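Hi,

Here is the structure I said I would pass on.

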Amino acid sequence: MEVRERGPIVAVDGPAGAGKSTVARKMAQRLGFLYLDSGAMYRALALKALQHGIDLRDELALAELLASSEITLLGNGQHEPAVWLDGEDVTALLRTPEVNASVSLVAGFRMVREEMVRRQRRLACGGWVVMDGRDIGTYVLPCADLKFYLTASLEARARRRLNDLIAQGFHPELNVLGEEIRNRDVLDASREVGPLRQAEDAIVIDTTDMEVDRVVDMMVENFRQRVS
Ligand code: CDP
């Protein structure tokens with residue numbers, strides 16, 4: 001009989017707007033796993049820095065801010081995932097245009113990433129989790145049992161972001177969003193620490209023309225065949 005020391009770990013990486021958080025959350029729900037959104041942790045720090053007027057280019061100030069911040073991810077599949085920052089539910093504040101524009105700067109600093117990665121590994125160490133991000137399969141959890149890399153055309157990704165923002169009451173322009181996503185892709189892929197990269201052993205899914213549920217079905221099928 002195989003004895004596992006921990007439960008399974010699923011890593012989902014990819015660029016902005018490839019649909020990671022939606023499908024990772026649904027996959028976690030289907031498997032009864034915890035959903036851990038690593039991007040939400042960077043977003044929570046960016047939000048706090050904006051709220052406190054911290055200079056977003058000041059690595060030390062951001063690292064100190066993080067050291068005194070409690071970021072909690074709630075996502076047991078029963079409820080919509082929520083993010084708490086210092087005891088307050090900030091879920092609705094994390095995907096605003098201001099945070100979108102600041103998060104990759106904050107996430108680019110080594111001191112910030114080292115602490116975030118430590119926290120992410122601690123959250124995932126028992127397994128039974130789906131974690132999504134940029135560097136999960138390559139750096140945070142290279143031992144993950146199953147890795148996905150989601151992509152989609154820039155236009156499809158900008159359209160999805162547009163729909164997300166319209167649902168929140170914002171009215172951005174598609175080409176502005178396309179530009180912002182392109183900028184974030186460049187920052188995320190070119191940074192020295194924890195860059196966006198496809199793991200060699202990741203299953204690549206191009207979601208450009210795929211419905212969310214089809215992507216989730218495919219991921220769950222892969223899980224059943226390869227892991228469970
Ligand atoms: O949902 P979307 O793909 O737009 O972004 P997200 O997953 O919420 O991540 C927001 C930002 O956090 C990314 O653009 C990255 O700059 C950063 N991030 C990161 O550096 N490493 C991760 N593991 C996750 C996110």
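This is a predicted model: local features need pLDDT of at least 70, side-chain atom pairs count only at pLDDT 80 or more; totals for chains, interfaces and linings use all residues.

Start with α2, which covers residues 38–51, and α4, which covers residues 97–106. Their axes come within 8 Å and cross at roughly 105°. Angles of 65 to 115 degrees count as roughly perpendicular, so that is the word for how α2 sits relative to α4. If you want to find the contact on screen, pick out Y42, R43, L45, A46, L47 and L50 on the α2 side. Their partners in α4 are E98, V99, N100, S102, V103 and V106. Sorted by class, the residues of this contact come to 8 nonpolar, 2 polar and 2 charged.

Which residues of α4 are buried? They are V99, N100, S102, V103, S104 and V106. And what do these buried residues pack against? Besides α2, the list has α3 (59–67), α5 (110–124), α7 and α8 (174–190).

Next, the cavities. Searching the whole structure turns up 2 cavities of 30 Å³ or more. I looked at the second largest cavity, which holds about 30 Å³ of space. Around it you will find R43, R95, N100, R161, D164, L165 and Q168. Two of those names also belong to the helix crossing: R43 from α2 and N100 from α4. Helix α7 (residues 154–167) gives the most to this lining, with 3 residues. By class, the lining of the second largest cavity has 4 charged residues, 2 polar and 1 nonpolar.

**Open pockets**

How big is the largest pocket? Its volume is about 1,100 Å³. The lining takes in 47 residues, and S21, T22, D37, R95 and R161 lie nearest the centre. The classes in the largest pocket's lining are 19 nonpolar, 12 polar and 16 charged.

The second largest pocket has a volume of about 220 Å³. It is lined by 13 residues, and R113, V117, Y139, V193 and G194 are the closest to its centre. Two elements, α5 and α6 (136–140), each give two or more residues to that lining. The largest share comes from α5, with 6 residues. Here the classes are 7 charged, 4 nonpolar and 2 polar.

**Two loop residues with a positive phi**

Last, some backbone angles. Most residues other than glycine have a negative phi, and most peptide bonds are trans. D86 has a positive phi, near 50°. You will find D86 in the loop between β4 (82–85) and β5 (88–89). Is D86 buried, exposed or partly exposed? Its relative accessibility is 37%, so D86 counts as partly exposed.

W128 has a positive phi too, near 60°. This residue is in the loop between α5 and β6 (129–133).

Cheers

Note on methods: Residues are numbered from 1 along each chain as its sequence is written. Side-chain values use heavy atoms; hydrogens and water are left out. Axes are lines fitted to C-alpha atoms, for helices over the stretch in contact, and angles run from 0 to 180 degrees between N-to-C directions. Helices (H or I, at least four residues) and strands (E, at least two) are DSSP runs, numbered from the N terminus. Angles under 35 degrees count as roughly parallel, over 145 as roughly antiparallel, 65 to 115 as roughly perpendicular and the rest as oblique. Contact means heavy atoms within 4.5 Å. Ala, Val, Leu, Ile, Met, Phe, Trp, Tyr, Cys and Pro count as nonpolar, Asp, Glu, Lys and Arg as charged, and the others, Gly among them, as polar. On a 1 Å grid over the protein atoms alone, a cavity is a set of points where a 1.4 Å probe fits but cannot get out, and a pocket is an open set with protein on both sides within 12 Å along at least five of seven lines; lining residues have an atom within 4 Å of a point. Grid points are joined across faces, edges and corners, and a volume is the space filled by probe spheres set on the points. Buried means under 20% relative accessible area, exposed over 50%, partly exposed in between (1.4 Å probe, protein chains only).
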